[in-house]
Amino acid sequence: MRMVAVVLGGGVGQRLGAGMPKQLLTLGGRTLVERCVAAFETAPGIDEILVVMARGYTGQVEALLGDRYPKVTGVIEGGQARPDSVRAALAAIAARADGADCGVLLHDAARPLVDQRIIADCVAALRVHDAAGVAVPASDTMVVTGHGVMQSMPRRETLHRCQTPQCFRLSVISRAHELAAADPGFSPTDDCGVVMRYLPDVPVHIVPGSERNIKVTYPQDLAVAEALLMAELSSAPPA
C-alpha cells in the first residue's frame, strides 16, 4: 500500500509570537518544516510527501526545499483552520490516487524531531489497521476541571498524550472528515478524534511516541528542542 506523509504547516503560530509561521523558524540551522520533510524523505516506508503551508508561504517553502527531496510531490495552501488544511491535503491525495486507497500519515510541522522508529511503526500499523495515532503515557496525574474547580480525576494509567503522526487509510479519514464537515457543532483539532467521533466502529490503535517528539508551540519549546538536538549531536559517534 502506498504511504503518503502530509506535513501540516498551515497555521501561523500566533502563540509563539514570532511574526511568521513557526514552521519557518530554524532549529539547528534548518527550518522546522524542512526537518520534518527530511525525516520522511529518509524513511524507507514513505513513498510520497505532501506539504501544506499557510497562505502566502507556499512559494517560499518550494524554494526552501528545492529539488533535494524527491519524495515531495507538492506544496499546497492550507485552510483557515487545521481541519481545512487536512481536507485540502486529503483532496489532493485522492485526486492523484485514481480511486486507489493508500495510507496517510498526518504530521504537524511543529514537531521537527520525529524519529525514524516512530515513522516505521506508523507505516507498520497502517499495514494492519485502518487508524492509528502516536501517543505517550501521561506521567502526571490529570484532573478534569470546571469553573476553576477540580471535578474528577481519571485513572492515570488510562491516559495518554497525543502526538503526530496520526495515521489512516485514505478512505477512512476522508469519510470521517466528510461527516465532520457536515456537523456545524463540531470544531475538531485532532484527526484521531474525528475518527473516534464519526466512525466509532473503527478502532484507533496506539503507536508508542517519544518525549523527544515535542511540539513547538511556545518560545520555551524551541529552546527545549534545541537542547534535545544538541544532546543528540554531542552523543553521536564520530563519522
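The entries below cover the sheet, one histidine, the cysteines and the salt bridges.

**Ground rules.** I am working from a predicted model, where local features need pLDDT of at least 70, side-chain atom pairs count only at pLDDT 80 or more, and totals for chains, interfaces and linings use all residues. Residues are numbered from 1 along each chain as its sequence is written, and side-chain values use heavy atoms, with hydrogens and water left out.

**The sheet.** I began with the strands, which like the helices are DSSP runs numbered from the N terminus (helices H or I, at least four residues; strands E, at least two). I found an open sheet of 7 strands in the order β5-β4-β1-β6-β10-β7-β11, with mixed pairing. Two strands pair if DSSP finds at least two bridges between them. The edges are β5 and β11 (205–208), each of which pairs on one side only. Neighbouring strands in this sheet are turned by 25° against each other on average, direction ignored. For such angles, axes are lines fitted to C-alpha atoms (for helices over the stretch in contact), and the values run from 0 to 180 degrees between N-to-C directions.

Strand β7 (residues 131–137) pairs with β11 in the parallel sense over 4 bridges, and Val134 has Val207 in β11 as its bridge partner. At β5, I noted that α2 lies across β4 and β5 and runs at about 160° to β5.

**A histidine in the sheet.** Next I looked up His107, which sits in strand β6 (residues 103–108). Is His107 buried or exposed? His107 is buried, at 0% relative accessibility; the cut-offs are under 20% relative accessible area for buried, over 50% for exposed, and partly exposed in between (1.4 Å probe, protein chains only). Beyond its neighbours within four places in sequence, His107 has contacts (heavy atoms within 4.5 Å) that include Val6, Val7, Leu8, Cys36 and Asn213.

**Salt bridges.** I counted 14 of them, each a side-chain nitrogen of Lys or Arg within 4 Å of a carboxyl oxygen of Asp or Glu.

- Glu77 and Arg55 form one, with the closest N and O atoms 3.1 Å apart. This pair links distant parts of the chain, 22 residues apart: Glu77 is in strand β5 (residues 72–77) and Arg55 in the loop between β4 (48–53) and α2 (58–65). Glu77 is partly exposed at 37%, while Arg55 is exposed at 63%.
- Asp191 and Arg82 meet at 2.4 Å, N to O. They are 109 residues apart, with Asp191 in helix α6 (residues 191–198) and Arg82 in helix α3 (residues 82–97). Asp191 is buried at 2%, and Arg82 is partly exposed at 25%.
- Arg111 and Asp108 have their closest N and O atoms 4.0 Å apart. Arg111 is buried at 9%, and Asp108 is buried at 10%. Salt bridges with shared partners join Arg82, Asp108, Arg111 and Asp191 into one network.
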